[in-house]
Amino acid sequence: MTAGIVAVENLSLRLGAFALKQLDFAVAPGEILAILGPNGAGKSVTLETIAGFHRLDRGRIAIGGREVTRLPPERRNIGLLFQDFGLFPHLTVAANIGVGLRRPRRRLPRRSLAELLADLGIAHLARRHPAALSPGEKQRVALARALATEPDLFLFDEPFSALDAQTRERLRGDLEKFLRSAGVPAIFVTHDHDDALALADRIMILRDGAIVQSGPAATVFAAPADRFVAEFVGFDNILPGRIAGRSGDVLTVAVADQLIDVAAANVADGCARAVWLCIRAEDIDLHPSRHAHGAGARLAARVVVLRDAGMLTRIVLDCGFPLQVCAMARHVREMGLTIGAEIGAGLMPGAVHVIPIGEPATDPVAAFNDASEC
Amino acid sequence: MTAAADPGAKPRWARHLPPSHPHGVFLVCWLLGGLLGAFIVVPLLALAATPSAASLAAAARTADLWQALRLSLEAALLTAIVAGLLGVPLAYLLARSDFRGKSLVAAIVDLPLAVPHTVAGIALLLVLGRDGIVGAPAAAIFGLRFWGTLAGIVAAMLFVSVPYTVNAARIGFEGVDPRLEKIARTLGLGPWHTCLRITLPLARRSILTGLTLTYARSISEFGAVMILAYYPMTAPVRIYTLFVGSGLDEAAAASVMLLAVSLALFILFRRLAFGNGIGAMGSR
């Protein structure tokens, strides 16, 4: 096992009616992993299990290259932060940070308290109590407190969920800077995909205690593995379709009575296979004309709903099926869109992600044979 | 426009209230609350005014009255200490762990509040008395006798007043965010250190409130103490004997002494514990 790496292998445990099912993942030094999922998916339990608050039924956990599966939380060398930062209200800032410094078990040479406070720009807060701090100051104190113990891993449970949008964005920036400079791997749990997209190198999506998909953040957001993930990472349009033909990497998919050409190198399946077409509302272009010229599909559409959302306008089109579109308000004004207008909806081939429905194509030979029948 | 015709003018009693407050509701609440306050304060004032200076002076010179008072205070203090040692751990269990029969245990803790105190005294006598299943071996092995001793007084006081400590401490522990304990663990504190340095200090106010209530309730206990340990006499028992034997005037004089001392101690304790007077009872 390489030093610095956090590895979770086959982690399984049962907690009443809930269970974590064979979670397998690793976090490299300096890497930030986001665990994403709806409420009840097991995100927090996963985090608490890594921290040592639940006994595993099976599997093992290594932190900093050291097996910790059977160690209690205080010997795992981790930093844990919660949404309200979890400062001890009865202790001053200095005493909060000192809590972790007094224990003799830490392996690495300790930084002095004053130095740490100065590094994080909170020296002037040392004698204050947490109640007198702003959210930003609280976050810094909580980070300093965790950092003081020289952790091998940072764990964050919904770090920003209690904050307003502006503070959230600012603290997110602070946190990213901090984590990048600390070089310590971090895992954070969130149900907010903005947080995940902004901070994470890799994303792991949980559902009912099992990993549904994990990979680089950009990949998970662009190419969800199934309908659940697609919804979760914010695809506004998830349309049922059927493969009607293929030429090279371009699939022709029938949705209602429209035919849509999409680039789908990831789908090896053949004819008549049912698929989901996933399209983000912002990836659809509006054209005055219904006829395509150049690449991409052009759908005949009628404007059904126009809803002003400030800088953006949310539009629902009827293309034989409903299509959610999001466009710049200025663009909509310039086009003179009105309800009932007949227009064209343009889809660049790369804007559409295709998810096969049912059994995934695990056997490449069978998949190839299927495809050749088209 | 004259002041009297101003439609926004408030009645005198409502002048300090913000304009949005429901004055009618407050008026009724003030009346009823004032009635209750008078119900508590008037008898105590009447008591304080009853004994003549001469009988007060006579009472203050009575050695056995001071003895009874001292015994009451000592026994109540011991009771509060025992309640803290035995009650706070139970409160922690009730707040922090789940086990079968937890609600039964919680109900048992509240039971003394519902048992008439003379009944409690008789029940304790059966167990702790000369032939009781605890009283007999305790006397034989440790020489610890509960009848007619300080130990008996403390046992009787503990039985009737320990629920206050357990319940207040439980509420205190439940008010401590478990995530703070988790963070303490990840910072390197073991379970004992976490409990002593994080959980206990954060529940401190509630625990002290509970102990103060237990202490105050113990000083005032009469029924259970009288049955289990008539002798040596605590202050309430001594006052009862004065009332029966010597009449109202002497009993009232002794009562004023007990009232003054216990009130003074109560206020002192609260000041030591919370840095303020009686005003903030139970508030955070």
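**View 1. Strands S4 and S5 of chain A.** Strand S4 (residues 58-63) of chain A and S5(A) run antiparallel and are joined by two bridges. A:Ile63 has A:Arg66 of S5(A) as its bridge partner. This is a predicted model, in which local features need pLDDT of at least 70, side-chain atom pairs count only at pLDDT 80 or more, and totals for chains, interfaces and linings use all residues. Residues are numbered from 1 along each chain as its sequence is written, and chains are lettered from A.

**View 2. The open sheet of chain A.** Four strands in the order S2-S1-S4-S5 (chain A) form an open sheet with antiparallel pairing (strands pair if DSSP finds at least two bridges between them). Strand S2 (18-27) and strand S5 (66-67) of chain A are the edge strands, each pairing on one side only. Strands (E, at least two residues) and helices (H or I, at least four) are DSSP runs, numbered from the N terminus.

**View 3. Helix H1 on the strands of chain A.** Helix H1 (residues 43-51) of chain A lies across strand S1 (6-15), S2 and S4 of chain A. Its direction is at about 65° to S2(A) (angles run from 0 to 180 degrees between N-to-C directions of axes fitted to C-alpha atoms, for helices over the stretch in contact).

**View 4. Helices H3 and H9 of chain B.** Helix H3 (residues 63-96) and helix H9 (residues 191-220) of chain B pack at an angle of about 140°, with their axes 8 Å apart. H3(B) and H9(B) are therefore oblique to each other (angles under 35 degrees count as roughly parallel, over 145 as roughly antiparallel, 65 to 115 as roughly perpendicular and the rest as oblique).

Definitions and conventions. Contact = placed C-beta atoms within 7 Å.
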